[in-house]
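Subject: Structure handover

Hi,

Here is the structure I promised to pass on. Please open it alongside this email.

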Amino acid sequence: MTFHTTAPDFGSTVFARWRAEAGEDWHAYTRHAFVRGLGDGSLPQANFLHYLVQDYIFLFHFARAWALAVVKADNIAEARLAASIVDGLVNHEMSLHVDICGKAGIAEEALLQAEEERENLAYTRYVIDAGLSGDFLDVVAALAPCVFGYGEIGAALAAEAAPDATYRQWIDTYAGEEYHDMCRQVGALVDAAVEARLGPDPQSSPRWAMISRRFQAATRLEVGFWDMGLRG
Ligand SMILES: Cc1ncc(C[n+]2csc(CCO)c2C)c(N)n1
């Protein structure tokens with residue numbers, strides 16, 4: 001897979017630092033064997049469908065975590081963006097999963113009936129707890145690897161010299177301009193939220209390490225989610 005030496009940072013200096021601090025865990029997430037299988041089409045369809053069914057449940061709980069970001073917002077800009085992501089997830093984004101699963105003969109009603117795998121449970125409940133027990137920064141740091149990681153993965157897969165058509169619909173979703181716009185909006189939100197709470201030199205704040213650790217923990221949970229997908 002082709003990876004640019006400079007992966008996109010979506011205009012966010014905070015994301016760029018979190019990613020650097022997540023180090024090898026970030027690479028394990030964005031260059032996972034599951035991702036390579038999506039890019040070259042070698043991922044078996046059964047594994048992809050299993051991942052998508054789990055991901056449908058994941059998105060439902062992820063929307064609940066973003067709703068907690070609305071609850072913890074300190075101003076209208078934070079509330080608006082978080083609310084628009086909740087709306088996007090429950091009213092639009094889950095339709096990619098419904099559409100692809102439907103073509104494979106899996107009905108929407110069957111999706112939410114599926115039993116949650118432990119990696120799925122661990123990740124979604126981690127982000128929900130970040131929203132329940134923490135403040136806006138805690139929940140946004142836990143939600144950020146999902147947003148930016150898929151943007152980075154989508155861009156890398158779409159940039160491959162000879163992209164395979166098998167998982168094109170999935171790749172196009174996360175490589176598309178619309179999705180990357182959203183990443184830049186979240187990037188601006190994260191930078192503004194960190195500056196508003198931790199000041200212009202956030203890394204000198206004792207809270208910095210805590211929120212960076214949240215980002216890294218969620219990154220590791222993304223790795224676990226791909227591992228689950230490969231296991232099938
Ligand atoms: C395991 C897993 N991680 C990330 C995403 C991508 N994603 C999930 S919610 C959302 C919108 C904003 O948070 C995006 C881009 C996924 N589908 N599944």
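Predicted model: local features only at pLDDT ≥ 70, side-chain atom pairs only at ≥ 80, totals over all residues.

Ligand site. Twelve names to highlight: Asp-55, Phe-58, Leu-59, Phe-62, Ile-85, Leu-89, Leu-143, Cys-146, Val-147, Tyr-150, Glu-222 and Phe-225 surround the ligand. By type, the shell has 10 nonpolar residues, 2 charged and no polar. Four helices each give at least two residues to this shell: helix 3 (45-72), helix 4 (76-103), helix 7 (136-158) and helix 10 (206-231).

Core. The largest nonpolar core holds 66 residues. The members that touch the most others are Ala-69, Val-127, Val-139, Val-140, Leu-143, Ala-144 and Val-190. Helix 7 gives this core its largest share, 16 residues. Leu-143 is worth a click: it belongs to the ligand shell and is also among those core members with the most contacts. Ala-69 is another. Leaving out residues up to four places away in sequence, Ala-69 touches Ala-82, Gly-131, Phe-136, Val-139, Val-140 and Leu-143.

Helix contact. How do helix 2 (residues 33-40) and helix 10 cross, and at what angle? Their axes come within 8 Å and cross at roughly 60 degrees. Helix 2 is therefore oblique to helix 10. On the helix 2 side, the contact uses Ala-33, Phe-34 and Val-35. Helix 10 brings Trp-226, Gly-229 and Leu-230. This contact comprises 5 nonpolar residues, 1 polar and no charged.

Best wishes

Note on methods. Residues numbered from 1 in each chain as written. Near = placed C-beta within 6 Å. Nonpolar A, V, L, I, M, F, W, Y, C, P; charged D, E, K, R; others polar. Core = buried A, V, L, I, M, F, W, Y, C linked by C-beta atoms within 7 Å. Buried ≥ 20, exposed ≤ 12 C-beta atoms within 10 Å, placed from the backbone. Contact = placed C-beta atoms within 7 Å. Axes fitted to C-alpha atoms, helices over the stretch in contact; angles between N-to-C directions. Parallel < 35°, antiparallel > 145°, perpendicular 65-115°, else oblique.
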